[in-house]
Amino acid sequence: DKKVTLLDTPGHADFSAEMERTLQVLDYAVLVISGADGVQGHTRTVWRLLKRHHIPVFLFVNKMDMPGMDRTKILKELQKYLDSGCIDFSDAVKRKEEIEEELAMCSEELMLEYLERQEIRQEIVKRAIRKREVFPCYFGSALKLLGVEKFLDGIHNMAELPMYPQQFGARVFKISRDAQGNRLTHMKITGGALRVKSLLRGADWEEKCDQLRIY
């Protein structure tokens with residue numbers, strides 16, 4: 001019952017400009033980290049960009065099926081080099097009490113909630129993720145689909161649908177051309193609605209919307 005638009009962008013340093021343009025229109029980011037390689041220099045660069053644009057993040061640590069992978073060691077690395085709010089949500093049901101104790105250390109609101117109720121309501125956790133106080137981490141193997149379902153369930157349960165104003169607004173994040181050479185302006189609508197033949201105006205320009213395509 002949730003619609004998700006996936007914007008997949010390369011993580012390689014050679015595509016940093018394209019990636020940063022894409023970051024500006026995300027409601028949430030999914031940061032995929034190789035368990036074999038850990039936190040690389042470019043990972044930290046991407047993390048700083050996510051922080052600059054105030055984007056909440058879910059982390060998926062991949063390749064955990066390889067020999068010698070140590071979840072505890074990798075989690076400590078994430079907390080050291082990225083943020084202390086990185087918390088292992090992989091076994092949220094089994095580790096409920098342990099996770100709530102860790103969550104309580106992430107903000108004053110979470111601490112008060114835990115002290116008053118001896119538990120933390122899901123809506124409070126969702127708000128903390130949105131405010132970038134908590135970063136849920138999941139471990140698995142994309143190739144073998146290990147941990148992927150728990151990861152998708154985590155996003156479904158913990159990501160909030162954004163509220164947008166009535167007034168029209170949009171952010172362009174890419175310009176391309178189709179097979180016939182027509183210019184395509186890729187945008188995220190951040191308020192109101194856009195219709196065919198709508199007239200868009202800037203400070204010194206105006207342009208009519210010829211057609212709409214949803215990819």
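Reader: Are Phe 89 and Tyr 138 buried or exposed?

Author: Buried means under 20% relative accessible area, exposed over 50%, and partly exposed in between, with a 1.4 Å probe and protein chains only. Phe 89 is buried, and Tyr 138 is too. Note that this is a predicted model: local features need pLDDT of at least 70, side-chain atom pairs count only at pLDDT 80 or more, and totals for chains, interfaces and linings use all residues. Residues are numbered from 1 along each chain as its sequence is written, and side-chain values use heavy atoms, with hydrogens and water left out.

Reader: How many aromatic pairs does a search of the whole structure find?

Author: Rings of Phe, Tyr and Trp (its six-membered ring) pair if their centres lie within 6.5 Å; planes under 30 degrees apart count as stacked, over 60 as edge-to-face and the rest as tilted. The search finds five pairs. In one, the rings of Phe 89 and Tyr 138 have centres 6.4 Å apart and planes at 50°, so this pair is tilted. Phe 89 sits in the loop between strand E3 (86-88) and helix H4 (96-103), and Tyr 138 in strand E4 (residues 135-139), so the pair ties together parts 49 residues apart in sequence. Helices (H or I, at least four residues) and strands (E, at least two) are DSSP runs, numbered from the N terminus. Phe 60, Phe 89, Tyr 138 and Phe 151 make up one aromatic cluster.

Reader: Which charge lies over the face of Tyr 28?

Author: A charge sits over a ring if NZ of Lys or CZ of Arg is within 6 Å of the ring centre and within 35 degrees of the ring normal. Over Tyr 28 lies Arg 130, at 5.0 Å from the ring centre. Over Trp 47 lies Arg 132, at 5.7 Å.

Reader: Which residues cover the two faces of E4?

Author: In a regular strand, side chains alternate between the two faces of the sheet. On one side of E4 are Phe 135, Cys 137 and Phe 139; on the other are Pro 136 and Tyr 138; all are buried.

Reader: What is the order of the strands in the sheet?

Author: Two strands pair if DSSP finds at least two bridges between them. The sheet is open, with four strands in the order E1-E2-E4-E3 and parallel pairing. E1 and E3 stand at the edges with a single partner strand each, so one side of each has no neighbour in the sheet. The twist averages 30° from one strand to the next. Axes are lines fitted to C-alpha atoms, for helices over the stretch in contact, and angles run from 0 to 180 degrees between N-to-C directions.

Reader: Where are the bridges?

Author: E1 and E2 pair over six bridges. Ser 34 has Asn 62 in E2 as its bridge partner. Strand E2 (residues 57-62) pairs with E4 over three bridges, and Leu 59 stands opposite Cys 137. E3 and E4 also pair over three bridges; Ile 87 partners Pro 136.

Reader: How many residues has the largest nonpolar core?

Author: A nonpolar core is a set of buried Ala, Val, Leu, Ile, Met, Phe, Trp, Tyr and Cys residues joined through side-chain atoms within 4.5 Å. The largest here has 23 residues; Trp 47, Leu 50 and Val 57 are among those with the most contacts inside it. Helix H2 (41-52) is one of the elements that supply at least two residues. H2 gives the most, four residues.
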